[in-house]
Amino acid sequence: MPFLTDVRALEEFRAQARAKRPADARVICLCGGTGCRASGSATLRPVFERCLSENGLDGEVDFRVTGCHGLCEYGPLVIVHPQRYFYQRVKPEDVPEIVHESVIAGRPVERLLYKDPATGEVKLREDELPFYNRQQRIAMRDNGIIDPLRIEDYIARGGYAALAKALTSMTPEEVIEEVEKSGLRGRGGGGFPTGRKWRSCREAGEKRGEIRYVICNGDEGDPGAFMDEGIMEGNPHAIIEGMTIGAYAIGSHEGFIYVRAEYPLAVKHLSVAVEQAREYGLLGKNILGTGFSFDIKIARGGGAFVCGESTALMASLEGKAGEPRSKYIHTVESGLWEKPTNLNNVETWACVPPIILHGAEWFASIGTEESKGTKVFSVVGKVENTGLVEVPMGVTLREIIFDICGGIKGGKKFKAVQTGGPSGGCLPESMLDLPVDFEHLAEAGSMMGSGGMIVMDEETCMVDVARYFLEFLTEESCGKCTPCREGLRHMLSILTRITKGEGQPGDIETLHELADTLADAALCGLGTTAANPVLSTLRYFEDEYHAHVYEKRCPAGFCRELITFSIDPEACNGCHACFAACPTQAITGEAKKPHEIDQAKCIRCGVCRITCRFGAVKVK
Amino acid sequence: MVHFTINGVEVEASREENVLQVARRYGIYIPALCYHEAVTPYASCRLCIVEAKQGGRTRVVTACTYPARDGLEVQTDTERIKARRRVVMELLLAQAPASEKLWEFAATLGVTSTRFPSEDPDNKCILCGLCERVCREQAGVASISFAYRGRHRKLTTPFEEPPDFCKGCTACAYVCPTGAVEVRLARNLLELQPWKAKVEMAVCTECGTPYAPTAELKEVTEKVKLELPALNLCPACRRKIHAKTVVMGKS
């Protein structure tokens, strides 16, 4: 017998859950997201548990291992409530102090607080950090607050209220209208209006009298992107609730969450959440006693990037090889097993419950004319604060990279930002004031994509960046269609030649021609956008290509075959550090006298430059 | 029925047809290598691209998978299409430079050279997958399949071993547009390359000529549920004996 038999039972349960969580309750939120795990948060958990128990605080303090808080750069993160002290880079040996000082005595542990790198100012709470106080969180509303493995946490925060509202006071048509009015567009990259997609799927299903499926695309695979991972790990119930509302609107009774298998934590959290939702009567037959039935199966991807493409994903779900097919007949008409199928991305689904709960007008009041709401970006690369950032659409690149993420690491100069993953484009400094939304990014030759942002500094070679992304895409091309399989391979080999100093006149023109062929003639989204890294770097950094091809020079000082290292005798004090570090004994010189590099022996690995503390090693 | 235009010519078609089928029915040529009317369109070679205008929006689409729809305006040979086709053709030539048939086909499109280097000068296969589809959909055997991904993709047999279920129907060789499948008769064994398939041939009881794969004969026999003595003869002997029966009235 399911636990919550009707909406009243849900509300009663919510009231109880809230009563157990008063505002002045003592809570420790340890970030258990993959970023913080990588910096050791998993080892903190037993230490906290032991320490709390030793101090007789079992049951007194609510210890939560939460999903990603966002500021991965400073992980592992710990927040102590009710004071909301924000601790960063916490190590196991810091735990007793946190428990004694903050949990028991209510005082902050000064040395673990965040210090603004620019001003040196110490910040006590999360919301005092520029990284957080400029964000607006809708999709990531509960990240860092709830324990994703405890459904009570989600319900206490208002979870499943939107589902209850939709099922009891709205018709499917009204739900679709609400989502249409909200202006919500697909967060996976396409930016297609979500409500319109739902409507098409519902109509196709009704016309053909067929069953319909809903799918959540959790096959996030862009290098450096982890927005969906953050949501799947940190708030799985938001996705389940969103999908259930969507299924109700569309008239579907079966859904799938397709998660990439490289996200084991996401798979685990989603699986637990689905189990819990079933137990509570929020999934399965007769949800909340309303007569509506819907269930979700979780499918793991096999590691192919292309399976993030909707038709390839559906082929993979059917047990076939993950290859895209022509989409001239849309998947909302003929998708999974040739039935009408509605596929949305993780973030899109997670945005649905707040829209239903707070209304379309509220959501539409955020963002720009054409792009409503917020968007999560994973900002990585050469920035001070890497992590997950959720901001209203229309915020400029400059605000995200400099104001929120603290600018470029090590005081270097900004050069470009790659948005939209491997199929996106690289935007230069002149584009920093571009409002980030679907239209503006596309006009600038890049795209929103799923929200990856890779920031590059002055030492990044743009030709090499294009080469890197093409290498990724060449490996990830399924190989079905000629332009993608063969075209990318030849583009990669041309770019590789250019970075090796073997570029020839005509190469740039051939790249253009291949890029146009891919854009027009490739079969799926991967292929048609695959040339974007090349096209956008050609558009904004053509001089760098010219320097490589015609002058055999890499202006960024990166491409090994095109650079030389030398030691500035003025700056070198003969400390001998580079001499010891050089793997090929190319450096000669007596102690305390300027050293020299033998170019014949130098393999241009750059170790001397990294080793030198006086900036005496120059690259040209 | 739907009505639309191809290169300005008004055409009529059923909703189940694709643009390539309709064009061919009307005698309008659109080049294609991975298309064959006997199997499901696959849209992999991308030579059949055309410009399709619908609802005010012009897109480059593959004719072999684009459904016939009312009001569609198709252009098969615009400058844009010709330029893209040319590059696709060059890419295919670089991929399978050993295929004479491919060079001949390319010449009909006015492409006689490729600027792209070849990785395998002996290759004839362009991975159009017709062999795979005909084996699965028509022969009902699925002895051939795609394996690996991207640049490593190839057409091969299960576990890359001689296929257990190949009947020797040679449909794969028949549909292959580039001559990449080779069929050779060595005494009474039919060899299909590159599948490493060796299929036993039945020998004519009259003249001793190998004339049909044993497995195929067996299948036919089982299907018609009759033991036909004529099936033990090669077509020539069958004709001869039949003629004798008719003319001389003896069996």
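Helices (H or I, at least four residues) and strands (E, at least two) are taken here as DSSP runs, counted from the N terminus. Two strands count as paired if DSSP finds at least two bridges between them.

This is a predicted model, in which local features need pLDDT of at least 70 and side-chain atom pairs count only at pLDDT 80 or more, while totals for chains, interfaces and linings use all residues. Residues are numbered from 1 along each chain as its sequence is written, chains are lettered from A and ligands numbered from 1 in the order in which they are written, and side-chain values use heavy atoms, with hydrogens and water left out.

## The chain B sheet

Let's start with chain B, where 4 strands make an open, antiparallel sheet in the order β8-β9-β10-β11. β8 (182–186) and β11 of chain B sit at the edges with a single partner strand each, so one side of each has no neighbour in the sheet.

Now for the pairings. β9 (residues 189–193) and β10 (residues 197–203) of chain B run antiparallel over 4 bridges, with L190(B) opposite V199(B).

What goes on in the hairpin of β9(B) and β10(B), which has 3 residues between the strands? K196(B) takes a positive phi near 60° there. The loop between β9 and β10 of chain B also holds P194(B), which is joined to Q193(B) by a cis peptide bond with omega about 10°.

The hairpin of β10(B) and β11(B) has 6 residues between its strands, and G208(B) in the turn shows a positive phi of about 85°.

Over in chain A, 5 strands form an open sheet with mixed pairing, in the order β12-β11-β15-β13-β14. The edge strands, β12 (387–392) and β14 (425–428) of chain A, each pair on one side only. The strand-to-strand twist averages 30°. Within this chain, β13 (residues 414–419) and β15 (residues 452–457) of chain A pair in the antiparallel sense over 5 bridges, and V417(A) has V455(A) as its bridge partner.

As a reminder, most residues other than glycine have a negative phi, and most peptide bonds are trans. Chain A has exceptions to show. A cis peptide bond links G75(A) to P76(A), with omega about -10°, and P76(A) lies in the loop between β2 (62–66) and β3 (78–81) of chain A. H576(A), a residue other than glycine, has a positive phi near 80°; its place is the loop between β16 (565–567) and α24 (577–581) of chain A.

## Where the chains meet

How much area do chain A and chain B bury between them? About 2,800 Å², 52% of it on carbon and sulfur atoms; buried area is the accessible area (1.4 Å probe) that two parts lose on being put together, summed over both. Chain A brings 32 residues to the contact and chain B brings 33.

Between the chains there are 22 residue pairs in polar contact, both at pLDDT 80 or more. The elements giving two or more residues to chain A's side are α18 (462–476), α19 (482–499) and α20 (507–521) of chain A. α19(A) supplies the largest share, 8 residues. That side splits into 12 nonpolar, 10 polar and 10 charged residues. (Ala, Val, Leu, Ile, Met, Phe, Trp, Tyr, Cys and Pro count as nonpolar, Asp, Glu, Lys and Arg as charged, and the others, Gly among them, as polar; a polar contact is a pair of N or O atoms within 3.5 Å, where within protein one must be able to donate a hydrogen and the other to accept it, and residues adjacent in sequence count only if both atoms are side-chain atoms.)

## Salt bridges

The structure holds 62 salt bridges over all chains (a side-chain nitrogen of Lys or Arg within 4 Å of a carboxyl oxygen of Asp or Glu). One of them joins the side chains of D153(A) and R21(A) at 2.6 Å, N to O. That pair links distant parts of the chain, 132 residues apart: D153(A) is in helix α6 (residues 151–156) of chain A, and R21(A) is in the loop between α1 (7–19) and β1 (27–31) of chain A.

Between chain A and chain B the count is 6 salt bridges. Among the bridges is R149(B) with E476(A), at 3.2 Å, N to O.

Definitions and conventions. Contact means heavy atoms within 4.5 Å. Axes are lines fitted to C-alpha atoms, for helices over the stretch in contact, and angles run from 0 to 180 degrees between N-to-C directions.
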